[in-house]
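Have the sequence and the 3D view ready.

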Amino acid sequence: ILDDPDLKDIDPTVLKHCHAAAATCILEAGKQKADIAAISTCLEDCKLDKERIEQFCTEYQKNKDALEILLGSIGRSPLHITDVSWRLEYQIKSNQLHKTYQPSYLVTLNIENSDLGSHPDVSFSCTMEQLQDLVGKLKDAAKSLERASQM
Amino acid sequence: KLNIGVDTVQHGVEGLTYLLTESSKLMISEIDFQDSINVLGFSDELNKLLLQLYLENRKEIRTVLSELAPKLPSYHSLEWRLDVQLASRSLRQQIKPAVTIKLHLNQNEDQTAQVLQTDPSTLLHLIQQLEQALGEMKTNHCRRIVRNMK
């Protein structure tokens with residue numbers, strides 16, 4: 001804003017104050033999920049004229065959804081799983097044990113941490129029975145989700 | 001009690017250990033085992049005893065040997081929980097469903113537990129991907145390989 005040619009005649013301190021005030025107002029409105037009526041009333045109390053209030057509200061309405069998404073994504077949460085990769089292998093032998101002949105799965109859960117950007121993925125091996133157990137439990141969770149969303 | 005020198009006993013034990021672990025590792029058949037020990041020139045009775053020892057213990061020996069192979073952390077179990085986030089410091093009046101998961105893994109006798117989270121659509125994606133993985137063993141390709149590798 002300080003580099004905008006249209007605004008270069010205004011005192012930079014005043015400009016900063018205006019920017020901060022506008023930002024605070026917008027963020028508070030977004031946080032509280034205020035509707036247009038509430039915002040208008042608030043701005044009227046601040047002695048803004050009708051035209052300015054209307055302009056502000058129109059702009060706010062245009063960007064409301066994006067603002068809510070942004071605000072909703074701020075905050076801490078446990079490490080977030082974004083994807084899964086798997087590998088199926090058939091073990092034949094190791095230097096300690098020959099003729100093992102067992103299928104084995106290697107599963108990697110891709111993890112994203114909003115605070116630090118990225119995080120080492122969680123990898124583990126499992127047998128077919130263990131993978132069936134894992135998938136069974138995940139399906140239970142999904143069924144619960146479906147039931148909860150219908151309530 | 002055996003009236004033999006310590007060294008002899010030690011060699012005896014080491015020899016026996018080597019014989020049993022190598023045989024178990026290679027999973028050799030009865031006949032091959034018998035042929036191998038016949039060269040040592042022991043009595044028939046001793047050979048029979050050794051064979052019996054091998055057959056009785058090889059499964060357990062193989063289980064122990066399998067622990068020595070290089071391994072990644074392995075799956076132990078999984079707990080899950082459904083959460084709905086209703087509000088946060090930066091945004092009120094939310095409805096944000098999430099699935100929180102506690103994954104228990106084993107690594108070299110230690111058990112670790114990790115808390116992870118995912119959203120409903122990723123959960124469905126995970127299920128779909130892992131079901132595909134399970135289905136792979138049943139394909140013709142895998143079946144053929146399993147058959148031919150015995």
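About 5,100 Å² is buried between chain A and chain B. Carbon and sulfur atoms give 69% of that area. Buried area here is the accessible area, found with a 1.4 Å probe, that two parts lose on being put together, summed over both. This is a predicted model: local features need pLDDT of at least 70, side-chain atom pairs count only at pLDDT 80 or more, and totals for chains, interfaces and linings use all residues. Residues are numbered from 1 along each chain as its sequence is written, chains are lettered from A and ligands numbered from 1 in the order in which they are written, and side-chain values use heavy atoms, with hydrogens and water left out.

How many residues of each chain are in contact? For chain A the number is 54, and they touch 54 residues of chain B. Contact means heavy atoms within 4.5 Å.

Now look at charge. The count between the two chains is one salt bridge. A salt bridge needs a side-chain nitrogen of Lys or Arg within 4 Å of a carboxyl oxygen of Asp or Glu. Here Lys139(A) meets Glu131(B), at 2.3 Å from N to O.

Polar contacts come next. Across the interface, 22 residue pairs make one, with both residues at pLDDT 80 or more. The rule asks for a pair of N or O atoms within 3.5 Å; within protein, one must be able to donate a hydrogen and the other to accept it, and residues adjacent in sequence count only if both atoms are side-chain atoms.

Which parts of chain A supply this side? Helices H1 (12-31), H3 (50-73) and H4 (128-149) each give at least two residues, and so do strands S1 (79-91), S2 (102-112) and S3 (122-126). Helices (H or I, at least four residues) and strands (E, at least two) are DSSP runs, numbered from the N terminus. H4(A) gives the largest share, 15 residues. By class, the side has 29 nonpolar, 16 polar and nine charged residues.

Strands also pair between the chains; pairing takes at least two DSSP bridges. S1(A) runs parallel to S3(B), residues 110-118, over two bridges. Leu79(A) has Leu116(B) as its bridge partner.

Within chain A, S1(A) and S2(A) pair in the antiparallel sense over eleven bridges. Ile81(A) stands opposite Ile111(A). S2(A) also pairs with S3(A), antiparallel, over five bridges. There, Leu106(A) stands opposite Ser125(A).

Finally, step back to the domains. Chain A is assigned domain 1 (12-74) and domain 2 (81-150), with bounds from an automatic or database domain assignment. Their centres, taken over C-alpha atoms, are 46 Å apart.

How values were computed
Nonpolar A, V, L, I, M, F, W, Y, C, P; charged D, E, K, R; others polar.
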